[in-house]
Amino acid sequence: MATTTRFRTLKDMPTLDYLSPGNTLCAGCGGVLAVRIFHKVLGPNVAWINAAGCMTVTMSYPLSPMKSNWLYTAFASAPAGAQGVRDALDVLLAKGKLPPSEDLKVVVVTGDGAAYDIGLQSTAGAIDRRLDFYYLCYDNEAYGNTGFQVSSSTPFGSSTKTTPATTAFPLGNTTRKKDLFEVWRAMKAPYVATLSNSHGVDFLRKVEKGTGIRGPKLYIALAACPTGWGFDSRESIELEKLAVQTGIWPLKEAVDGVIRHTVVPRTLTPVRDYLKTQERFSHLFEPTEQTEAIEAIQESVNSYWKDVGAREGFDVKIPQGTHPKHPSH
Amino acid sequence: MKGKLLTGNVAAAAAARLARVDYIPAYPITPQTEIIETIADWVREGTMDARFTQLESEHSMMTAAGAASLAGARVFTATSSQGMLYAIEMLYNVSGWRAPMLLVNVSRGVEAPIVLEPDHNDVLAARDSGFLQFHSETCQEVADLVLFAYRVAEDKRVMLPAIVNLDGFYLSFTREPVVLPDQQAVDHFLPPYEPVSPLRASKPVSRGSSVFEGFLYSYFRYNTHAASLRAKEVFNEAAREFEGLFGRTYGPVEGYMLDDAEYVLVMSNSFTALGRQAVRRMRERGVKAGLLKILMVRPFPSEEIAALLRGRKVVAVFDQNLAPGSGGIFYPEIAGALYHVRGRPNAILPVVGALGGKQITAKEMGAVFEEMMAIDRKGKTPSPMFLMRADEMTRVKKMLSVAEGVR
């Protein structure tokens, strides 16, 4: 990566916070942590443009944990709100009605429900128009704020409140997770990246990199969700780390369409080690193990890494057999 | 009247330019499209100093409009029919944000079935959104009300978004003489927009925050209501100044031949011209007919309506809209305005007509007055009139039988 980065080790994480502690989100929320780290890199002059989701409830009138600007729009159109704010600032700056010191970085922040589903149309419009903005999607792979219903980001095999695992439907959700990274890349966004709170330096550098790129920039941050996924809130970071180590959550970026994996798990940890940690996948193991489903998940991870390894010139050691005698990681 | 021959659409665009609008988020829909095409031309030619962005839907267009207004830009946009319906979620948001932008609606009936010509179900779908609403009868009113709308919406006592309505086809594509005020006078009437708590680096703000308790929500909602009510006095102040500057003016309502009128027709928008014609015709026959035009729909000018309708024998409310299962939308509002008034009219006749731009003949208008007189004479309870002529029904049947024959 560029030699000009401010971020070499986790100790380079800026100490200044623009998101105060004591907000209204759940303990262990990966989403709010991603917002907090993101903000550290961008600095104070930000306009957050929000769509309905968990972050919406952090702004509880007349209080705000945010030391920057915030605008809640609606579920479907946060990118259009970003367009309005960016255009207004640009025209006021151009007319000399606003000093350059008042300029703001415009950042859309939504969950996966808005980013993958209801807001995709307004997102596509903003990308087509080459709007200069950041889109931070905290991805907890379901509609978390309404109690965990399936979204098009929900992975295969996850049970949700609207795709519960039952005797007749033993797998829970049977559709594959939408590849939002590729959707943005196909629309020629100049920068697209995935993030994990467990890989702080990678996270910081990617946000830093985006500050030098004009146009639409997407960041999909894995957002471990203790209440929705069903795990102890103290495990959030460990769980996100496991998602990266198993290869389920690839850390990558695409600059002008060219993909590079920024963290390569040289030896993939078996996916079952990740799946077993969470209530949303428990039906794959109890009362009887659904080996075929677990192997299908493993196989899709394996083929992903074989594919990108061949393309980018690295080797990833895939797990041998998906029936390890040592289920604990 | 001297003036340039302009369509209602071009009059709206010209007024937006005179208002020194900063930002136009847009999305095409018939019959509004000429407005945004005209503005796009001017911006690209460099004769209008503004930023024009075409969005990918009316929902996004309204989101961008409200957000830009909160960031400090004077914002103009336009829509019609389905576009209004598609945007409606954001209308409620934008008024809740107290973002004083202007939306011009060019009325067109709503689907299904698809139709191109006007009635007011589109703009009245926004009736309860918190937007101020001013409805125009002529192309001159379109231009003037755009200026009024900014002046009132941006007043610190109001700070609410506004809609100016004009009828598709009858105004949008009809050239009428329009006197465009000169820029200097407009600048005097309409000072630059001063946003309240805009999004700024030096003084960050949170807008659209959540409230989780009913009492806080009620606080916001009552504030919006109070601001809307204050808009009437602000409008009247503006009207006095407008008259001094331009020699013509407007009120929340306008009476026509009302002095001794016993039978009064209540109307809005461009079909009011047909109402005026009907009144003149009735007067020629010696009937004491009159008309009340409603220009300001939100806030609803109940006091002015009550003052002008008290003492009349019978009033007919002409609704160019339909709330299926209820009737016309204005009717209950007018009835509500009159209920506690001493000397209220003996009867209020609900009339629904001109849906989808259906032509209204002099005979139909005459029938409305005849019905008002019959109600008065016989002391009977009015039953709603739905205007549709026998010859029109014959045409429907003929078309159906032709289609049947083809099959």
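## Sheet and helix report

A:Val255 stands opposite A:Val258 of strand 8 in chain A. The model is predicted, so local features need pLDDT of at least 70 and side-chain atom pairs pLDDT 80 or more, while totals for chains, interfaces and linings use all residues. Residues are numbered from 1 along each chain as its sequence is written, chains are lettered from A and ligands numbered from 1 in the order written, and side-chain values use heavy atoms, without hydrogens and water.

Helices (H or I, at least four residues) and strands (E, at least two) are DSSP runs numbered from the N terminus. Strands pair if DSSP finds at least two bridges between them.

| Strands | Bridges | Direction |
|---|---|---|
| 2 and 3 (residues 51-54) of chain B | four | parallel |

An open sheet of nine strands with mixed pairing runs 8(A)-7(A)-5(A)-6(A)-4(A)-3(A)-1(A)-2(A)-9(B). Strand 8 (258-263) of chain A and strand 9 (206-207) of chain B are at the edges; each has a single partner strand, so one side of each lacks a neighbour in the sheet.

In chain B, both faces of strand 2 (residues 23-26) are covered: B:Tyr23 and B:Pro25 on one side, B:Ile24 and B:Ala26 on the other, are all buried (under 20% relative accessible area, 1.4 Å probe, protein chains only). B:Ala26 has B:Gln54 of strand 3 as its bridge partner.

Just after helix 8 of chain B, B:Gly247 has a positive phi of about 75°.

Key: Buried means under 20% relative accessible area, exposed over 50%, partly exposed in between (1.4 Å probe, protein chains only).
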